[in-house]
Amino acid sequence: MPHAVAPVVDVRAEFDARQAVEARAYFKELDAPDQAVLIERYNEQQGVGILKVKKRASLATEASFFRWLARVTWGEPSAETLLAFAQEMLGRAATTPPPY
């Protein structure tokens, strides 16, 4: 019987996705004027017009905005932070039963 191969996981992409979720929650906690300031800052630096935040933001715009907000709020993750996140992911995977 062949050995099962674990799926390849992009730790940085998974970390960025979690940070974006946390950035969205943080943004929702802010008052409207503080939200407007962040949107203005984001739009000023965003060179791609379709990714600028408008009244109705696309999913791509939202994803870009919340990734940006995570970076300006918490900075780039260190190697130690990414390693700790990868270990956390492995711990969750070890306790999750197989899907069969």
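1. Start with alanine 20. Setting aside neighbours within four places in sequence, alanine 20 is in contact with Phe66, Arg67 and Ala70; contact means heavy atoms within 4.5 Å. Alanine 20 sits in helix 1 (residues 11-29). Helices here are DSSP runs of H or I with at least four residues, numbered from the N terminus. The C-alpha atoms of alanine 20 and phenylalanine 66 are 5.0 Å apart, although 46 residues separate the two along the chain. Alanine 20 counts as buried, because its relative accessibility is 15%. The cut-offs are under 20% relative accessible area for buried, over 50% for exposed, and in between for partly exposed (1.4 Å probe, protein chains only).

2. A word on the source. This is a predicted model, in which local features need pLDDT of at least 70 and side-chain atom pairs count only at pLDDT 80 or more, while totals for chains, interfaces and linings use all residues. Residues are numbered from 1 along each chain as its sequence is written, and side-chain values use heavy atoms, with hydrogens and water left out.

3. Next, helix 3. Helix 3 covers residues 59-74, which is 16 residues. From first C-alpha to last, helix 3 reaches 22 Å, close to the 22 Å expected at 1.5 Å a residue. That expected span is 1.5 Å times one less than the number of residues. Which residues of helix 3 are buried? They are Thr61, Ser64, Phe65, Phe66, Trp68, Leu69, Ala70 and Arg71. Their cover includes helix 1 and helix 2. Just after helix 3 comes glycine 75, with a positive phi of about 80°.

4. Asparagine 43 deserves a look. Asparagine 43 belongs to helix 2 (residues 32-45). Is asparagine 43 buried or exposed? Asparagine 43 is buried, as its relative accessible area is 16%. A polar atom of the asparagine 43 side chain lies 2.7 Å from the backbone nitrogen of valine 53. Not counting residues up to four places away in sequence, asparagine 43 touches Lys52 and Val53.

5. Now the charged pairs. Side chains of opposite charge can pair when their charged atoms come close. How many salt bridges does a search of the whole structure find? The search finds seven. A salt bridge is a side-chain nitrogen of Lys or Arg within 4 Å of a carboxyl oxygen of Asp or Glu.

6. Follow arginine 12. Arginine 12 forms a salt bridge with aspartate 16, with the closest N and O atoms 3.0 Å apart. Aspartate 16 and arginine 12 are four residues apart in helix 1, so about one helical turn separates them. Arginine 12 also meets glutamate 76 in a salt bridge, at 2.6 Å from N to O. This pair links distant parts of the chain: arginine 12 is in helix 1, glutamate 76 is in the loop between helix 3 and helix 4 (79-95), and the two are 64 residues apart. Aspartate 16 is buried at 17% relative accessibility, arginine 12 is partly exposed at 30%, and glutamate 76 is exposed at 54%. Arg12, Asp16, Arg71 and Glu76 are linked in a network of salt bridges.

7. One further pair lies in helix 1. Glutamate 22 and arginine 18 form a salt bridge, with 3.7 Å between the closest N and O atoms. Glutamate 22 and arginine 18 are four residues apart in helix 1, so about one helical turn lies between them. Glutamate 22 is partly exposed at 35% relative accessibility. Arginine 18 is partly exposed too, at 29%.

Note on methods. Polar contact = N/O pair within 3.5 Å; in protein donor to acceptor, adjacent residues only side chain to side chain.
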